[in-house]
Amino acid sequence: MNFSRHCDLCENQITSLEKGLTCNLTNKKPDFNNTCSKITLDKKFQEKLEIANLELEIIRRSQKSTHLTFYGTIIIGFLLILLGYFLSDWKIFSLYLWYVKIGMIGAGFSFLAAAYSKLNKYRREYKKAEMEKNKIDEVLNKYGISYQENFEFKEKIHGTQEVIVNFDFKNWTKIKTTNSYKFDY
């Protein structure tokens, strides 16, 4: 069993180089079957849950612009390759024009590589954020805790975005939480 997932959310977690992961209440390594009867889910849990869900929401909101950038860059790349290729139909007697032709084709391939890189980065970030959220949700399901999240994105001022994060919980000590986060992007 992966105890660290439970303990990462618990307020009683202690980590040290000597002992590794231990419980502050028992001063022993975690030892439970499915759930820990002494788990304390409070501020640490709430912050990790909110940040994991917020990161995933931010990445989801960037999906449209990422795909538009991808397709636009792909089109520019193919156009440059085609223009460079059809430049050979002209009677090229100058070495300079050959450099232009090769440069256009090279730039086209560079645009294709940049487009793929941008889309691949988006996919990696999305999978990472989704995996982090799913790890937390898996632990919460074992304790019967469920939640509903709501994000309110405020106006972006000088590159700083404020987000109001609201959570409604079932089967947790708190019923509703509201926090504000600011980030730059």
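**View 1. The crossing of helices α2 and α4 is left-handed.** A crossing is called left-handed if the near helix is turned anticlockwise from the far one by less than a right angle. In this predicted model, local features need pLDDT of at least 70 and side-chain atom pairs count only at pLDDT 80 or more, while totals for chains, interfaces and linings use all residues. Residues are numbered from 1 along each chain as its sequence is written, and side-chain values use heavy atoms, with hydrogens and water left out. Helix α2 spans residues 43-61 and helix α4 residues 95-142; they pack at an angle of about 150°, with axes 9 Å apart. Axes are lines fitted to C-alpha atoms, for helices over the stretch in contact, and angles run from 0 to 180 degrees between N-to-C directions. Helices (H or I, at least four residues) and strands (E, at least two) are DSSP runs, numbered from the N terminus.

**View 2. Residues of α2 and α4 form the contact between these helices.** Among them are Phe45, Leu49 and Leu56 of α2 and Tyr122, Ile136 and Leu140 of α4; contact means heavy atoms within 4.5 Å. By class, the contact has ten nonpolar, one polar and eight charged residues. Here Ala, Val, Leu, Ile, Met, Phe, Trp, Tyr, Cys and Pro count as nonpolar, Asp, Glu, Lys and Arg as charged, and the others, Gly among them, as polar.

**View 3. The largest nonpolar core has 23 residues.** Such a core is a set of buried Ala, Val, Leu, Ile, Met, Phe, Trp, Tyr and Cys residues joined through side-chain atoms within 4.5 Å. Buried means under 20% relative accessible area, exposed over 50%, and partly exposed in between (1.4 Å probe, protein chains only). Leu41, Phe45, Leu49, Leu140, Val165 and Phe169 touch the most other members. At least two residues each come from α2, α4, β3 (146-153), β4 (160-170) and β5 (176-184). Not counting residues up to four places away in sequence, Leu41 touches Leu9, Cys10, Leu140, Ile145 and Trp172. Another core, of six residues, lies apart from the largest one and includes Ile74, Ile81, Leu112 and Ala115.

**View 4. Asparagine 27 and asparagine 171 each have a positive phi although neither is a glycine.** Most residues other than glycine have a negative phi. Asparagine 27, with phi of about 55°, lies in the loop between β2 (20-23) and α2 and is exposed at 53% relative accessibility. Asparagine 171, with phi of about 65°, lies in the loop between β4 and β5 and is exposed at 62%.
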